[in-house]
Amino acid sequence: MSEAIPSTAADSAAVGVSRIALGVEYRGSRYRGFQRQRAGVPSIQESLEKALSKVAGGAPVTLSCAGRTDALVHASGQVVHFDTHVERTMHSWAMGANLNLPADISVTWAKAMPREFDARFSAMARRYRYVIYNDQIRPAHMAEEVTWNHRPLDIERMRAAARYLVGTHDFSAFRARQCQAKSPIKTVHHLELLEHGRFIVLDIRANAFLHHMVRNFAGVLMTIGAGERPVEWVGEVLESRVRRTGGVTAHPYGLYLVQVEYPAEFDLPQRYLGPHFLSGLPDVMAGR
């Protein structure tokens, strides 16, 4: 566990405030998303802030996150930060939070950061994995951690279709109506489809994502993989820039935020990519 102090330690000390970054993983099945909700509605943010406040001796803690995941969506590589006047070791922040968190949320590391670090705005890229369980029989295990598809899926057709989505495009046809992003133009750096037993995993890295973008990708690619549309259909959907041309939004259960990338000078701890039950899956970015 890193015990590093900020590069701007003198400045932080002068004002008595430290900025702390945390790595967080969670199973989102019981929550209405990361962001704090109205009273009585469970969120990842509220659970984390309550746990950290206990570590801080009751002082309030307010978090900022790298990605505001939706209801029922999971994470193995979420990054958050908060500012505090309270002095604790990095080990105390991480382990103390875990002692006060429910079993489906864990802090994986803690690190003191310079004041210019921001979990959201310092991020250069984000990476998601969408996990499909492809079998005729509904799985009794991990029912809310994978998306079940009973139709036999042709992964080669899905791979061919995925190539249309790589690069810089206007992804209006793949954004939710309530999406608040200023621009629909995003850059998808890679979109790979991986097989792991009965699992098909969409591994997607982009500079940023629109609301429901990955789930809409998954819905289109599964439709093509099932042979219900030609491979070229994904290009037609993309060019239409109209959401209703893209079919059904896939379920949230199989979606995981697995990595957030930052400039090298921040030197954040790196863990293996999730989710845990796919720990044997290769890192498709290795060597690139």
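## The enclosed space

The largest cavity holds about 190 Å³ of space. This value comes from a predicted model. A search of the whole structure finds 1 cavity of 30 Å³ or more.

Around the largest cavity stand 18 lining residues, and those nearest its centre are Gly-77, Trp-109, Val-258, Pro-269 and Arg-271. Four strands are named as giving two or more residues to this lining: E1 (18-26), E3 (74-84), E4 (105-113) and E10 (255-261). Strand E3 makes the greatest contribution to the lining of the largest cavity, with 4 residues. By class, the cavity lining comprises 10 nonpolar, 7 polar and 1 charged residue.

## The two domains

The protein chain is divided into two domains, with domain 1 covering residues 18-122 and domain 2 covering residues 125-256. A distance of 28 Å separates the C-alpha centres of domain 1 and domain 2. In the contact, 11 residues come from domain 1 and 11 residues from domain 2.

Between them, domain 1 and domain 2 bury about 910 Å², and 52% of this area is on carbon and sulfur atoms. The rule for salt bridges finds 0 across the interface of domain 1 and domain 2.

## The open space

The volume of the largest pocket is about 1200 Å³. Its lining consists of 39 residues, of which Gly-67, Arg-68, Arg-120, Phe-209 and His-211 are the closest to the pocket centre. The elements that supply two or more residues to the lining of the largest pocket are strand E2 (64-65), strand E5 (125-134) and helix H5 (213-225). Helix H5 gives the most to this lining, with 3 residues.

Sorted by class, the lining of the largest pocket contains 17 nonpolar, 12 polar and 10 charged residues.

## Placement of the pocket

## Summary

The predicted model has a largest cavity of about 190 Å³ and a largest pocket of about 1200 Å³. Strand E3 gives the most residues to the cavity lining, whereas helix H5 gives the most to the pocket lining. The domain interface buries about 910 Å², and 0 salt bridges are found across it.

Note on methods
Residues numbered from 1 in each chain as written. Predicted model: local features only at pLDDT ≥ 70, side-chain atom pairs only at ≥ 80, totals over all residues. Heavy atoms only, no water. 1 Å grid on protein atoms, 1.4 Å probe; cavity = no way out; pocket = protein on both sides within 12 Å on 5 of 7 lines; lining within 4 Å. Points joined across faces, edges and corners; volume = space filled by probe spheres on them. Nonpolar A, V, L, I, M, F, W, Y, C, P; charged D, E, K, R; others polar. Domains from an automatic or database assignment. Contact = heavy atoms within 4.5 Å. Buried area = accessible area lost by both parts, 1.4 Å probe. Salt bridge = Lys/Arg side-chain N within 4 Å of Asp/Glu carboxyl O.
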